[in-house]
Amino acid sequence: MSDSPKNPHPLVALRLNHKDSYDAAAMFVYLILVYGWGLWIHPLGRDYHHLANMGADLPFLARQIFAAGVGLFGANPVGYHLVNLALMYTCMLLVYHFVNKTVRGLWWFGTLAACLFMANPVHSESMLNLSGVGDLVPCLAGLAALTAYAWNAAAPRAMKRAVVYGAAAFAAGAYAENAALGAVLLAYELLAVRREFRSLARGFSV
């Protein structure tokens with residue numbers, strides 16, 4: 001007589017039945033563990049300059065977000081840091097989905113990549129400065145374009161292609177940091193897309 005199958009642990013069952021939601025919640029917890037303590041950090045370095053001119057020197061969209069924050073939060077640092085957390089969390093979700101679309105590996109690769117991206121010391125200044133939106137918004141735009149490209153390459157559709165071109169044009173045109181985005185997307189096409197689905201025209205047209 002064969003043994004009856006064992007019931008999985010409730011957390012395992014939850015993860016199996018609600019993969020993306022479970023991983024999103026786990027990544028949020030990791031984010032709070034790493035940066036939650038910094039919510040009450042007051043202005044640092046460049047923050048004083050950006051607070052004085054309402055973020056006029058920040059890049060497009062980041063400037064508007066920061067100026068709105070000054071009006072809403074004033075001298076309270078918590079609000080600015082919450083905005084930074086929201087932007088970083090969105091970046092993490094994009095990294096998570098990009099890796100899961102691109103890498104055919106173990107189930108936890110996407111979560112690991114997103115958490116390593118978030119905890120990288122290079123992002124500490126952006127997260128702990130009140131004006132971190134100046135770095136996080138261009139980063140988010142580039143990741144959105146890259147993730148959209150991977151999403152379209154996995155199952156091409158005309159509507160998806162329009163989204164990719166729009167996201168890539170905005171990311172590269174609005175932010176100098178993303179000037180090489182076209183080369184990155186072409187490299188993705190050549191190196192990450194399976195040979196049978198590869199399309200150089202798609203890569204060159206971005």
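The exercises below work through the fold, the core, a cavity, aromatic pairs and some local features of one predicted model.

Residues are numbered from 1 along each chain as its sequence is written, and side-chain values use heavy atoms, with hydrogens and water left out. Because the model is predicted, local features need pLDDT of at least 70 and side-chain atom pairs count only at pLDDT 80 or more, whereas totals for chains, interfaces and linings use all residues.

**Exercise 1. Describe the secondary structure of the protein chain, and state what share of its residues is buried.**

Step 1. Helices (H or I, at least four residues) and strands (E, at least two) are taken as DSSP runs, numbered from the N terminus. On that basis the protein chain has 11 helices and 0 strands, and its pattern along the sequence reads α-α-α-α-α-α-α-α-α-α-α.

Step 2. A residue is called buried under 20% relative accessible area, exposed over 50% and partly exposed in between, with a 1.4 Å probe and protein chains only. Of the 206 residues in the protein chain, 40% are buried.

Step 3. A contact means heavy atoms within 4.5 Å. Among contacts between residues at least 6 apart in sequence, 70% join residues at least 24 apart.

**Exercise 2. Find the largest nonpolar core and the element that gives the most to it.**

Step 1. A nonpolar core is a set of buried Ala, Val, Leu, Ile, Met, Phe, Trp, Tyr and Cys residues joined through side-chain atoms within 4.5 Å. The largest one has 48 residues, and those with the most contacts inside it are M27, L31, Y35, M88, M92, V133 and Y188.

Step 2. The elements that give two or more residues to this core are α2, α4 (62-73), α5, α6, α7 (124-128), α8 (133-154), α9 (158-174) and α10 (181-191). Helix α5 gives the most, with 12 residues.

Step 3. Leaving aside neighbours within four places in sequence, M88 is in contact with L31, F117, M118, H123, M127 and L136.

**Exercise 3. Locate the largest cavity and characterise its lining.**

Step 1. On a 1 Å grid over the protein atoms alone, a cavity is a set of points where a 1.4 Å probe fits but cannot get out, and lining residues have an atom within 4 Å of a point. Grid points are joined across faces, edges and corners, and a volume is the space filled by probe spheres set on the points.

Step 2. The whole structure holds 1 cavity of 30 Å³ or more, and the largest cavity contains about 30 Å³ of space.

Step 3. Its lining is made by Y35, G38, L39, H81, N84, L85 and M127, to which helix α5 (residues 77-102) gives the most, with 3 residues.

Step 4. Ala, Val, Leu, Ile, Met, Phe, Trp, Tyr, Cys and Pro count as nonpolar, Asp, Glu, Lys and Arg as charged, and the others, Gly among them, as polar. The lining accordingly divides into 4 nonpolar, 3 polar and no charged residues.

**Exercise 4. Classify the ring pairs F73 with Y80 and F170 with Y175.**

Step 1. Rings of Phe, Tyr and Trp (its six-membered ring) pair if their centres lie within 6.5 Å; planes under 30 degrees apart count as stacked, over 60 as edge-to-face and the rest as tilted. The whole structure has 8 aromatic pairs.

Step 2. For F73 and Y80 the centres are 5.3 Å apart and the planes stand at 70°, so this pair is edge-to-face. F73 is partly exposed at 28% relative accessibility, whereas Y80 is buried at 3%.

Step 3. The rings of F170 and Y175 are also edge-to-face, because their centres lie 5.7 Å apart with planes at 90°. F170 is partly exposed at 33%, while Y175 is buried at 1%, and ring pairs link F60, F170 and Y175 into a cluster.

**Exercise 5. Examine the loop residues M54, L61 and G45.**

Step 1. M54, although not a glycine, has a positive phi of about 60°; M54 sits in the loop between α3 and α4 and is partly exposed at 39% relative accessibility.

Step 2. L61 likewise lies in the loop between α3 and α4, with a positive phi near 75°, and is partly exposed at 35%.

Step 3. G45 lies in the loop between α2 (19-35) and α3 (46-52) and is exposed at 62%. Although G45 and N129 are 84 residues apart in sequence, their C-alpha atoms are 8.0 Å apart in space.

Conventions
On a 1 Å grid over the protein atoms alone, a cavity is a set of points where a 1.4 Å probe fits but cannot get out, and a pocket is an open set with protein on both sides within 12 Å along at least five of seven lines; lining residues have an atom within 4 Å of a point.
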